[in-house]
Amino acid sequence: MKRIEQPVLLVVFGASGDLSKRKLIPALYHLAYQNLLPPNFTVLGYARTKYTDDQFRQLAREGIEEYGTLGIDEHIWHWFSQGLFYQAGNYDDAESFNALSQRVAQLDKARHTGSQHVYYLATPPAVFKPITRLIHDAGICPADPDGLQRIVIEKPFGHDLASAQDLNEHLLQLFNEDQIYRIDHYLGKETVQNILVFRFGNGIFEPIWNRNYIDNVQITVAESLGIGDRGGYYDKSGAIRDMLQNHMMQLLSFTAMEPPVAFEPKAVRDQKVNVLRSLRPIDPADVGKWVVRAQYAPGVSDGKEIPGYLNEKGVPAHSTTETYVAWKLEIDNWRWKGVPFYMRTGKALAGKVTEIQIVFRKPPLMLFEALGGDNVPPSNVLTLRIQPDEGILLSFDAKRPGPSVIIERVAMDFSYQSQFGSQPADAYERLLLDVFVGDSTLFVRRDEVELAWDRVTRVLEGWEMQEKAAKQENGKPLKLPKYAAGTWGPKEADDLMNRDNRYWRNPTALRILR
């Protein structure tokens, strides 16, 4: 990737917070280390905390030392830190934003940043509206048909369809769609981007990526830890809002989309939208047939004892917030008709892993019926490992050496680490560069957000109906199914698959093949 030549001034709202310290500042430093940032690159941090420029630079250095992977090179740090500045102010105060406007103008002049600005909202969603309104009213980010003034917004983009539509309407009253970059860091991961290259760049896989050859698709996003001290926040979100509506819908879109006419923003995003539009909507009254939710019970995961979700700090005793969700989806289009997509995500599971597994159909004639025959599950599985240990694994059957015909499952395993000698760059590095050059391919468009929320909101409405029915029936709150921390989820999720004569392909089983 070539160095960006056009100057940029990046304003980070929430610059004193966790996201800035853990992700944004280290990612920017790594870009500086690779000589990819433009000359006079400038960062203006903005938050309520009263810091001086030097105090902000010290905070940035601490973040790089703690969360970066390259260490501090004093020569590079000197260049990078000279472009770090800070402005204290409130998020809902016009005078603070007038002062911010003056500081931006001063830095434009002093740093020769050319009036190309990026405003990054690394803040809680509650202040998205006041910040964007005041940015607009202060005149520092006018509606720009050329998209030179850009707004970057972190998820969550709303908490249901109505709130997502409301946020989008608000933003589009102030800015053009081409100025708005809704960031989902999963789209910056190398393996997610590699899905398109793998699918459309290889003649041996492109022709078989359809209902004629694929039996089912499984997408797993598992976390080994519980919610820790985030009970108050998580109980208002839950697994379906936290992971499935955004990250996992994006993984599904890349896996199922049709070939775009070109690798450019509109073409790629149009095809992702077509997938989401083709997702069969669920009648809320039938949600129990398609979706399973559960909460973790006490157990041990990743070597740590974890209490039950209802015993976590900040969680109400009768909470019906799910820490696990499994969903069977159908895509009603020509390519995927009849191929189920199974998605599951949860906290306190048996491992931390994100994988997409493409399970191919069995051959039409089982020549080795006496060795297992039709009772043998499909052996051809393509696994796209998003994290950790990014790579691609293909399993298939082979004859074990010897006089007898003994079939053994084997695998071909590609790893980024072993092939390229290093782990892929952090997702934020790629996405920040794309923002600076104005490439929105890997960012989420308005219609993507709203279509994903439409399908998820139907599930939320179904759950609300279940909870009301439980109270009317026995006057007590609904109790969700439980699964022990450190397992792969509840029995009900296995039943969801068993009804289709399928089973979850747990990631640990595949790793035995390596």
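A search of the whole structure, a predicted model, finds 19 aromatic pairs, where rings of Phe, Tyr and Trp (its six-membered ring) pair if their centres lie within 6.5 Å. Because this is a predicted model, local features need pLDDT of at least 70 and side-chain atom pairs count only at pLDDT 80 or more, while totals for chains, interfaces and linings use all residues. Residues are numbered from 1 along each chain as its sequence is written, and side-chain values use heavy atoms, with hydrogens and water left out.

**Aromatic pairs**
- The ring centres of Y342 and W504 lie 6.0 Å apart with planes at 75°, so this pair is edge-to-face (planes over 60 degrees apart; under 30 degrees counts as stacked and the rest as tilted).
- This pair links distant parts of the chain, 162 residues apart, with Y342 in strand β12 (residues 340–346) and W504 in the loop between α15 (491–498) and α16 (507–511); helices (H or I, at least four residues) and strands (E, at least two) are DSSP runs, numbered from the N terminus.
- Both Y342 and W504 are buried, meaning under 20% relative accessible area, with exposed over 50% and partly exposed in between (1.4 Å probe, protein chains only).
- Y234, Y296, Y309, Y324 and Y483 are linked into a cluster by ring pairs.

**Strand β6**
- From β6 (residues 180–183), I180 and R182 point one way and Y181 and I183 the other way, and all are buried.
- β6 pairs with β5 (residues 150–154) in the parallel sense over four bridges, pairing requiring at least two DSSP bridges.
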